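User: Can you walk me through this model? Keep it short, please.
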Amino acid sequence: MGFWRQQEEKMAARLLQWRFQRQGEKEPESENLARMASDLVSKAHQVAKKRGQNVVVIIKELVEDLRR
């Protein structure tokens, strides 16, 4: 896994943690959180290819959609 991908996954994990805390929900275990973050980044890359947008923006949108 490349450096940028690791950084994207770390950012996605922090965003997910923030959303769980904000909604007062129990945070998942670190393994599950890492898997969720990896899935978000993968989806963001797929969407970025279709839309031609920045992956960071798409990750934020996906986190919002995931928690609704």
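Analyst: First, a term: helix axes are lines fitted to C-alpha atoms, for helices over the stretch in contact, and angles run from 0 to 180 degrees between N-to-C directions. Helices (H or I, at least four residues) are DSSP runs, numbered from the N terminus. This is a predicted model: local features need pLDDT of at least 70, side-chain atom pairs count only at pLDDT 80 or more, and totals for chains, interfaces and linings use all residues. Residues are numbered from 1 along each chain as its sequence is written, and side-chain values use heavy atoms, with hydrogens and water left out.

User: At what angle do α1 and α2 pack?
Analyst: About 115°, and the axes of α1 and α2 lie 8 Å apart.

User: Which residues of α1 and α2 meet there?
Analyst: From α1, R5, E8, E9, A12, A13, L16, Q17 and F20. They meet L33, M36, A37, S38, L40, V41, S42 and H45 in α2. Contact means heavy atoms within 4.5 Å.

User: What about L16? What is it in contact with, beyond its sequence neighbours?
Analyst: Setting aside neighbours within four places in sequence, L16 is in contact with L33, M36, A37, L40, V63 and L66.

User: Now the core. Which residues touch the most other members?
Analyst: L16, A44 and I59, in the largest nonpolar core, which has 15 residues. Such a core is a set of buried Ala, Val, Leu, Ile, Met, Phe, Trp, Tyr and Cys residues joined through side-chain atoms within 4.5 Å. Buried means under 20% relative accessible area, exposed over 50%, and partly exposed in between (1.4 Å probe, protein chains only).

User: Which elements give two or more residues to this core?
Analyst: α1 (3-22), α2 (30-51) and α3 (55-67). The largest share, 6 residues, comes from α2.

User: Is A44 buried or exposed?
Analyst: A44 counts as buried, because its relative accessibility is 0%. A44 sits in α2. Beyond four places in sequence, A44 is in contact with V55, I58, I59 and L62.

User: And V41, what does it contact?
Analyst: R5, E8, E9, A12 and I59, leaving aside neighbours within four places in sequence. V41 is also in α2. V41 has a relative accessible area of 0%, so V41 is buried.

User: Where does E9 lie?
Analyst: In helix α1. At 14% relative accessibility, E9 counts as buried. The C-alpha atoms of E9 and D39 are 8.8 Å apart, though 30 residues separate the two in sequence.

User: Over to V55. Which helix is it found in?
Analyst: Helix α3. V55 is buried, with a relative accessible area of 13%. Beyond its neighbours within four places in sequence, V55 is in contact with E8, A44, H45 and A48. V55 and E9 are 46 residues apart along the chain, with 11 Å between their C-alpha atoms.

User: How many aromatic pairs?
Analyst: The structure holds 1. The ring centres of F3 and W4 are 5.2 Å apart and the planes stand at 70°, so this pair is edge-to-face. Rings of Phe, Tyr and Trp (its six-membered ring) pair if their centres lie within 6.5 Å; planes under 30 degrees apart count as stacked, over 60 as edge-to-face and the rest as tilted. W4 counts as exposed, at 65% relative accessibility.

User: Last one. Which element has the lowest mean pLDDT?
Analyst: α3, at 76, while α1 has the highest at 89. pLDDT is the predictor's confidence in each residue, from 0 to 100. For the protein, the mean is 85, and 96% of residues reach 70 or more.
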